[in-house]
Amino acid sequence: MGRYTHFIMPLDTAYAKLQFFHRKTFLQRKTAHLIVTLILLGLTIPQASPGSAQGKQASLPILTRDELGHPRLFFEAEDIPYLQQKADTTHAAIWQPIYTYATELVKTSPPLSTPSENDLETFRLAGNQLIVPAFTCVVSAEPAICTAAKQYLLAYATWPQWDKNDRRDLGLAHMLMGNALAYDWLHPLLSEPERRLVRESLADRASDMYAAGALQYNDERWQNWWRNSYIQNHYSTNTSALGLVGLALLGEDSRAPDWIAHAQNNMTKSQQLLDGIGDGTWHEGIPYQNYALTMMLPFLVNLRDIRGVDIFPHDYLRQYSDWRLWNLLPGSSEFALPYGNFETSWNNDYGPQSLLRFVASEYQDGYAEWTAQQITAAMGRRADRQTMPWYVFEFLYFDPQIPVLIPTDRVMARTFSDLGAVLWRTGWGSEDLVFGLKSGTYGGRYAFDTFTRQLPPWNCTALGCEFNIGHEHDDNNGFYIWRAGQWLAPESTGYDRYETALHNTLLIDGQGQYRPQDWRDPSDVQGSTGSLAATANTSRFNLVVADTTGRYRNTVGIENITRYVLFVRPNYLIMLDDVAADAAHEYEWIVHFGADASIDGNWLRGDVGDGQILGVGVASPQAFLTSIGDDGRPYVRMRPAAPVAAVRFVNLLYPTDKNGWDARPIITLDDDTDEATLVTVQWEGKGQGRDDIVIRHHDTASSSVAGAYTYDGLAAVVSRRADNDPQRLFMYRGRSLLERTTGITWVTTDDPESLIEAVYTGQALSVEVQGKTNTMITLYAPDVDSLAVNGTPHPFVRLGDSITFSSTVTTFAWAVDQGAIEPPFKTSKDSLMQTTETLSPGDGGKASYRFYLPEPGDYLVTALVDAPNDGSNSFFVNIDAEPDPTMIWDIPPTKGFEERAVSWREEGIQQIFRLDQGEHELIIRGREGNARLAQISIELLSSGLMMASPAGEHD
């Protein structure tokens, strides 16, 4: 028995101790309730004895909340004072519309029988609505509200139907959830006959749902097609509602454990699929994602709290926060990727604020809290039955102690690989631009792969499970642009408006993308794929390559449909569509505009409110036909003048306003071959120079020629100022970019997968590098005397107008031929040597290397050397001055090339050079014949160790 302490705590402090309840397991909460109860009564509290397991609750009895009676869902009786305190303080903004709606409901009476409308919305809204007065009764304890809540609950118990035509689907699910919560929360106010009436009604309807989900299949009457449709929102919604009833009736109905077990098993499958997705996206679109998660969480939360079983898709929910953050359209209740079935009026129905606030609380995610606040500010708070139930959940999930994190420190581009989507932003403010593109598989990549390969949880042979993609659209490679509060490039949205023509993508002979018909047959789904073949993001450039060839499998002979998009921030996007087939077709490129659509020369123009404009400058095809129409949104369709087997659409997307329209850039197709395309973007009247853009659309082992450039990568940009000086450089997946007309080698690297961005500002050069470590990079950089790599000052070696550096900060290296070489030295096979012996430094060959150091410190010079014997194993070496005869670098004989540090004979140890910040020169003189020198490197040993000696002087 542990020791005891007696003390009394003020009530407000005691209730504050309950703030962590909703994030704890039931055992933790039960223990906390015991402690707080003792505190409130001023009783003694057992303290843990040394070595006890109180922190792990190992010595506590295993309890279940059903042993405590009702309420048990989300909270217990002991929690109610804290709920009341929150309603008056931290949660007042959420509470007020809940209370307002409940007081209005008092003025109404429930239908005493199933309403004549008898449709899905009747039952869905009835079940949802009941949650509000029941919760308001608990928190406010106002008799009129409690009476109204009881009246509705008792009336529903007598309804002969809880779904349309006695179906066992969503209508029943909402009635089950609403009635389960109301029964649990109002239980103390019900008489025993009233409890029995509600309990029996609720149990009978739960038994119906259980039969539909676990025991029988009757699609014609029950509409229970959803029972093995794991990626459809009906599956998780109906399952979770049944599980919630089981938790509400646990200990009161012998069937409840079976309902919970069934729901737990089903939701474990959902957990596997959701966590497999990994990026927080959902194939049915955001409105259905809101719906499915909102209806799922109550069961998962209470299953963990009551039974101690955690089947949350934690990986998925953590990523959901970022998914919603990057979809945010500032000042709007809409979202950046509005794919999938929905009506614009739905927007963010089913309260994503409640989901985001659950995520914020569960994972201490301040960005989720910020996103919830932004959506709330844009939507406002309506007191109606479409929104009220989700405010109740928001109230229960909200933790005001989560610090809000504004995403100004987040990157401006995100790739969502399972969905196959990118989102690029210029910022998080109301004037910023958001670009989105989607190109994935039906159902999302993880679900698609597991279904087509018949991996768990799919077992379609035995269970007849289906890959339900009914809410998806045939919209692969569709793009969206939002700017300054307006849709510049939307789609024609609407429920069941899935046709390809309604999206910003391509038609072939008037036909859209393939749509699977048999959702139970993996072979009917296989091959209908799209993918993000490549993505690359730097501070000033974004690139996506989206291959959607498989989505057009219904077009015989189609060979390639790939969309390349390059964002040259913040001004414009280049979009290249490479299309090919084995026969001639009529290809149509589609763009929808926010309002008016028109043609202005080789520009397609869309005008929207507040003077916003999206211009589409057409570079290819140079001879094209257009048609203008309106399918819910104004659109322009563009096609070659005649059917062709292959075509490249090359367009410049220019988001601007009326002032910027007259100064729009000129886009020129300089070259277009089977391998690569060169586009020049010249700014007119701005004196801003030009951008040369190379896109290689056919991968070959060798370099491709595109106009003035020879290039072996995927995409590159060379930007010049008006005076022709370099301004920006971008290269992805290449080793070399050469401009043949000027002889400039803009960049070379030894990493073929590297991503490089360079920004020239006067004599300073800022470089971003992504790829393997220790990458050697050479950039054209005349007059540059300072370099920063990935934000850190960086050393480099200069040779003429180019500099060489390594992507590693403390060590940088270069090849021996990247310096000034004088005879008798000669280079051969990437090494340097002389054949004669010269014992005086002035007589030997000379190799000098200019290099720049970003900070003072102690440096070590090493090199790859081949010293075959004692007669061929020495050089003279010094920094910032010619070596004198004593500065002999003796090298112990090697077996081929080995790395050795520079040393001097007299000192016999590694030579440490203490060097200032700035430019230096390494000078190597030949001494003994046939000693070979290869790559040289300099490593920073310690920084800032300066002496009062001149630069270059050594210890």
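The structure, a predicted model, holds 41 salt bridges. Side chains of opposite charge can pair when their charged atoms come close.

**Salt bridges**
- Lys150 and Glu194 join through their side chains, at 3.5 Å from N to O. Lys150 belongs to helix α6 (residues 143-158) and Glu194 to helix α8 (residues 192-215), so the contact ties together parts 44 residues apart in sequence. Glu194 is partly exposed, at a relative accessible area of 21%.
- Asp166 and Arg221 form a salt bridge of 3.1 Å, N to O. This pair links distant parts of the chain, 55 residues apart: Asp166 sits in the loop between α6 and α7 (170-186), and Arg221 in helix α9 (residues 219-222). Asp166 is partly exposed at 26%, as is Arg221 at 46%.
- Between Asp672 and Arg648, the closest N and O atoms are 2.7 Å apart. Asp672 lies in strand β20 (residues 666-672) and Arg648 in strand β19 (residues 644-657), 24 residues apart. Asp672 is partly exposed at 29% relative accessibility, whereas Arg648 is buried at 13%.
- A network of salt bridges links Arg72, Glu192, Arg195, Arg199 and Glu252.

**Negative surface patch**
- Asp723, Asp725, Asp783, Asp785 and Asp801 gather in a patch of negative charge on the surface.
- Asp783 is placed in the loop between β31 (776-780) and β32 (786-789). Its relative accessible area of 60% makes Asp783 exposed.

**Helix α13**
- The 14 residues of α13 (residues 314-327) should span 20 Å, and the end C-alpha atoms are 20 Å apart, which agrees.
- Of these 14 residues, 11 are buried, so α13 is largely enclosed by the rest of the structure. Among them are His314, Trp323, Arg324 and Trp326.

Key: Residues are numbered from 1 along each chain as its sequence is written. This is a predicted model: local features need pLDDT of at least 70, side-chain atom pairs count only at pLDDT 80 or more; totals for chains, interfaces and linings use all residues. Side-chain values use heavy atoms; hydrogens and water are left out. Patches are made of residues with over 30% relative accessible area and no salt bridge: like charges are joined within 9 Å, nonpolar side chains (Val, Leu, Ile, Met, Phe, Trp, Tyr) within 5 Å. Accessible areas come from the Shrake-Rupley method with a 1.4 Å probe; for residues, only the protein chains shown count as cover. A salt bridge is a side-chain nitrogen of Lys or Arg within 4 Å of a carboxyl oxygen of Asp or Glu. Lys and Arg count as positive and Asp and Glu as negative; His and the chain ends are not counted. The place of a charge is taken as NZ of Lys, CZ of Arg, CG of Asp or CD of Glu. Helices (H or I, at least four residues) and strands (E, at least two) are DSSP runs, numbered from the N terminus. Buried means under 20% relative accessible area, exposed over 50%, partly exposed in between (1.4 Å probe, protein chains only). The expected span of a helix is 1.5 Å times one less than its number of residues.
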